Protein chains: 2
Amino acid sequence: MAPGTAVRPTEGKRAGKRAAASISLGVLDDRLGYFVRRLQVWIFQDFIRRLSRLDLSPAQFSVIVVIGANPGLSQAQLAATLGIERARLVRLLHRLEQRGLTERLRSSVDGRRHALELTRGGEKVLAEATRLAEQHENGLKEKLGAKRHAMLLEMLRALA
Amino acid sequence: MAPGTAVRPTEGKRAGKRAAASISLGVLDDRLGYFVRRLQVWIFQDFIRRLSRLDLSPAQFSVIVVIGANPGLSQAQLAATLGIERARLVRLLHRLEQRGLTERLRSSVDGRRHALELTRGGEKVLAEATRLAEQHENGLKEKLGAKRHAMLLEMLRALA
DNA sequence: TATTGTTATACTCTATAACTATA
DNA sequence: TATAGTTATAGAGTATAACAATA
């Protein structure tokens, strides 16, 4: 399931001297971080593949989702919500603005802030991306089993 | 728990025009990938902090763990086991070799392969790193609760 | 003084492609 | 021809620091 896992090293067709049955993970086998990382990489790769038509990364998707759900919020608020650096958000917004999906309006209350909005085009892309992301999520449910998927989501949401 | 989550945006001390109670995650709130990513980032940050004395990244740790558990394995085997690119492994091993933790020996069976080994110093660092990683894992258990930690580990291991 | 958005820097990670030497 | 290790490149992500405008 995790990337590369299915592809076991060939081990030499003639069974090398060592004849290692299979590579051991050592103590990694008891490390939650290792498996969380593997699952995260797998999920992101699947997500990127599913949304390739829209050319939207998971990070870009999360940005337009949160702007769509909270129109007018500031960059600092958005960055804090997603847990990314303000500096990184600047470049993400540059790209999204170049593509005509988002816009930064002057805040009427605070001259330092930008009020973030989706354009009409941004809303359309968000709608389509949400549809594709739902297919991705359904694929996950099939792969993990609906019960495990729900348990995982509930457990992880409680931690955030 | 996830990075930045604890730090809610200030929202303006005088409660801005919008008076947004709290920022909504929109559909992200039902996305497993979003929460898996947040947890993974949090775990890695904690891991890096705990092992800062040894200056070992999660990736470097995983490399010396697997070499230690499978001495003599090849780079292709190691890369496939960890799900990373062979090209990236080359640079990881350069760094570890510079620090005197690992070595690449000629394989006696196949002139193309390197047999990877830990040096004496590498074994010492691995032992100490494993000790610190165990503290990191115990911290996780406290934070998630031992029961949830065990369930998560079991579920994720089954997927890998 | 503190905050918002911005620029700049450096390092890591990811994804490729191409090269060499061995098989 | 195929594989193992290597080099090179480009694009993201991460972590900082510093700056101008505004509060």
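**Notes on DNA strand C and a helix pair**

1. In this predicted model, sugar or phosphate supplies 71% of the atoms of DNA strand C within 4 Å of the protein, and bases supply the rest. Local features need pLDDT of at least 70, side-chain atom pairs count only at pLDDT 80 or more, and totals for chains, interfaces and linings use all residues. Side-chain values use heavy atoms, without hydrogens and water; residues are numbered from 1 along each chain, and chains are lettered from A in the order written.

2. DNA strand C is surrounded by 22 residues (a heavy atom within 4 Å of the strand). The closest are Arg37(A), Ala76(A), Arg104(A), Arg88(B) and Gly111(B). By class, eleven are charged, seven polar and four nonpolar (charged: Asp, Glu, Lys and Arg; nonpolar: Ala, Val, Leu, Ile, Met, Phe, Trp, Tyr, Cys and Pro; polar: the others, Gly among them).

3. Phosphate oxygens of DNA strand C lie 2.6 Å from a backbone N or O atom of Ala76(A) and 3.1 Å from one of His114(A). For Arg88(B), a side-chain N or O atom is 2.7 Å from a phosphate oxygen.

4. The axes of H3(B), residues 75-82, and H4(B) come within 9 Å and cross at roughly 110° (axes are lines fitted to C-alpha atoms over the stretch in contact, with angles from 0 to 180 degrees between N-to-C directions). The two helices are therefore roughly perpendicular (65 to 115 degrees). Contact (heavy atoms within 4.5 Å) involves Gln75(B), Ala76(B), Leu78(B) and Ala79(B) of H3(B) with Arg86(B), Leu89(B), Val90(B) and Leu93(B) of H4(B).

Conventions:
A polar contact is a pair of N or O atoms within 3.5 Å; within protein, one must be able to donate a hydrogen and the other to accept it, and residues adjacent in sequence count only if both atoms are side-chain atoms. Helices (H or I, at least four residues) and strands (E, at least two) are DSSP runs, numbered from the N terminus. Angles under 35 degrees count as roughly parallel, over 145 as roughly antiparallel, 65 to 115 as roughly perpendicular and the rest as oblique.
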